[in-house]
Amino acid sequence: MGCTSSVISENQHNVAPQVKKRYLGHTRIIQEEEVDVFVNDEYNIITSDWEQGPVSFQHQNLVCLETVGSWKAGQSAGGSRNDLELFSINPQYLIAIGPPDKHPKNDDFYLPDPSLNYIDVHVCLTQTNLSEPPLHVAFFIYKTDSMEERLSAEYFLCMPPAGDTGAFINWRQIKQHFKLTPGLYIIIPATFNAGLEGTFKLSVKTIPPVTMKKIPSFKNVSLNPSSNNLKRKTSMIMQEV
């Protein structure tokens, strides 16, 4: 998927307040914040209260989809968007929201359509390795027009996310409520530092129809001769951790 010459952020209200400044007329990637909390406080627990969702969820027929994944050094632990090449190797999950006949079917898939109703989507990322302190994590949601294609560094450089959780933080569980139009989206969970390993559960709760699947990883990420720069960076990270 290539770059688009026109960049429009459909849902700036889906972006966490502390990072909205990134999208005021440009797509420059800035340093992500890293926020520390005490690992023994209320944020180092796993709860089910996120499933209740916002008030708008009440009296709706909801579906909850869950999948498990991991960050592996040299394969899928790409870290933050400070390095877009490495960020692109993070796990990517496709979610299809709303009736298929309402999904955009042309090159203007990223343009907001005022005729479409927004759908409430609640997303939760839970770190499942309870024997280790929580990593600094966040997740990002990008709009896409492909059911199979991974998003690349070039795409991240051109397109802002449709939503995110803001600063990377070492909470055991992070969740966020979004309002999205029908269509295809990629959810990318990431650690702040590349090369750090961990396991997680990704949960999505919304009204049907909705589907979720993992997009296959890039093949031979650290061995691909055409990706010498990525190979060098990955090797450096593996030596440091």
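A search of the whole structure finds three salt bridges. This is a predicted model, so please keep that in mind throughout.

Now strands 4 and 8. Strand 4 covers residues 119–127, and eight bridges join it to strand 8, with the two running antiparallel.

K179 forms it with D120, and the closest N and O atoms are 2.7 Å apart. K179 is in strand 8 and D120 is in strand 4, so this pair links parts of the chain that are 59 residues apart. Is D120 buried or exposed? D120 is buried, with a relative accessible area of 12%, a value under the 20% cut-off.

Next, the pair on strands 2 and 10. The side chains of E66 and K201 meet in a salt bridge, at 3.8 Å from N to O. The cut-off is 4 Å, so the pair counts. E66 lies in strand 2 and K201 in strand 10, residues 198–206, so the pair ties together parts 135 residues apart in sequence. On accessibility, E66 is at 43% and counts as partly exposed. K201 is partly exposed too, with a relative accessible area of 28%.

That leaves K213 and E148. Their side chains meet in a salt bridge of 2.9 Å, N to O. Where do the two residues sit? K213 is in strand 11, residues 210–214, while E148 is in the loop between strand 5 (137–144) and helix 2 (153–158). The two are 65 residues apart, and the pair links distant parts of the chain. E148 is exposed, with a relative accessible area of 54%, because exposed means over 50%. K213, at 31% relative accessibility, counts as partly exposed.

To recap the distances: 2.7 Å for K179 and D120, 2.9 Å for K213 and E148, and 3.8 Å for E66 and K201.

Conventions: Residues are numbered from 1 along each chain as its sequence is written. This is a predicted model: local features need pLDDT of at least 70, side-chain atom pairs count only at pLDDT 80 or more; totals for chains, interfaces and linings use all residues. Side-chain values use heavy atoms; hydrogens and water are left out. Two strands pair if DSSP finds at least two bridges between them. Helices (H or I, at least four residues) and strands (E, at least two) are DSSP runs, numbered from the N terminus. Buried means under 20% relative accessible area, exposed over 50%, partly exposed in between (1.4 Å probe, protein chains only).
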